[in-house]
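Please look over the notes below alongside the model.

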Amino acid sequence: MSEQGAAEKQISDWPDDELVAFIIQEKQAHLRREGQEEIYRRYSGKVYHKCISLIKDSDTARDLTHDIFIKIFFNLDRFKAKGPFYSWVFAITYNRCFDYLNKRKRFQTVDITEVPQQNEIENTELQYKLFKEAKLEALEAAFKNLKAQERMVLSMYYQDKMSIKSMAILLKAGESAVKMRLKRSREHLAELIKSSHDEK
């Protein structure tokens, strides 16, 4: 961006890709810091809420958010602008949360290479009917009761609109394994919703 163009717009108005390019190219430290502060303003809340939805501990989520932004700022030159900047930010967020949970051994060990049998039938119509009819409060409560790994894959796919291929790269698993994780997570969520509904 030219100096004239920069002067015409406030930094808060810049698109993400222009802001990132500015931070990478800018020579003056105080201007780079201003750009970094704008990125932090835009994404710190979203990153924190993503962390707390997966970790379920506010203090740890704050620490992870701090770590994530350090990694973001140290690796801005690796952002290739082939996709939205927020997708790159959330990929780093998921990766850091995944590492934390893995080190804490909170993940239940599963065989990620397992694939469904050909005669296995998934009752997706019932699941989607339950999801559609469930009240928001019930859906949120059921989601919170999922395992961390289940919340992670469902958030990646449905909330952040990540492709199966992108998820496979991030999770270091095959695409068939990612599909299996999604399937099992949906099934578990449907079971929790149905159980909550039956209790009423």
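1. Buried means under 20% relative accessible area, exposed over 50%, and partly exposed in between, with a 1.4 Å probe and protein chains only. At 3% relative accessibility, F69 counts as buried. F73 is at 24% and counts as partly exposed. Across the protein chain, buried residues make up 39% of the 200 residues.

2. A word on provenance. This is a predicted model: local features need pLDDT of at least 70, side-chain atom pairs count only at pLDDT 80 or more, and totals for chains, interfaces and linings use all residues. Residues are numbered from 1 along each chain as its sequence is written, and side-chain values use heavy atoms, with hydrogens and water left out.

3. Secondary structure. The protein chain has 10 helices and 0 strands. Both are DSSP runs numbered from the N terminus: helices are H or I with at least four residues, strands E with at least two. Contacts (heavy atoms within 4.5 Å) come next. Of those with a separation of 6 or more, 64% join residues 24 or more positions apart.

4. Surface. The accessible surface of the protein chain is about 12900 Å². Carbon and sulfur atoms hold 50% of that surface. The areas come from the Shrake-Rupley method with a 1.4 Å probe; for residues, only the protein chains shown count as cover.

5. Confidence. pLDDT is the predictor's confidence in each residue, from 0 to 100. The protein chain averages 78, and 76% of the residues score at least 70. Residues 1-8 fall below 50, and this stretch has 5 contacts beyond near neighbours in sequence. Residues 106-130 are also below 50, with 33 such contacts in the model.

6. Aromatic pairs. Rings of Phe, Tyr and Trp (its six-membered ring) pair if their centres lie within 6.5 Å; planes under 30 degrees apart count as stacked, over 60 as edge-to-face and the rest as tilted. The structure holds 8 such pairs. F69 and F73 form a tilted one, 6.0 Å centre to centre with 45 degrees between the planes. Why are F69 and F73 separated by about one helical turn? Because they are 4 residues apart in helix α4 (residues 58-74). The rings of F79 and F85 have centres 5.1 Å apart and planes at 80 degrees, so this pair is edge-to-face.

7. F79 and F85 are both buried. Elsewhere, K50 lies over the face of F90, 5.3 Å from the ring centre. The criterion is NZ of Lys or CZ of Arg within 6 Å of the ring centre and within 35 degrees of the ring normal.
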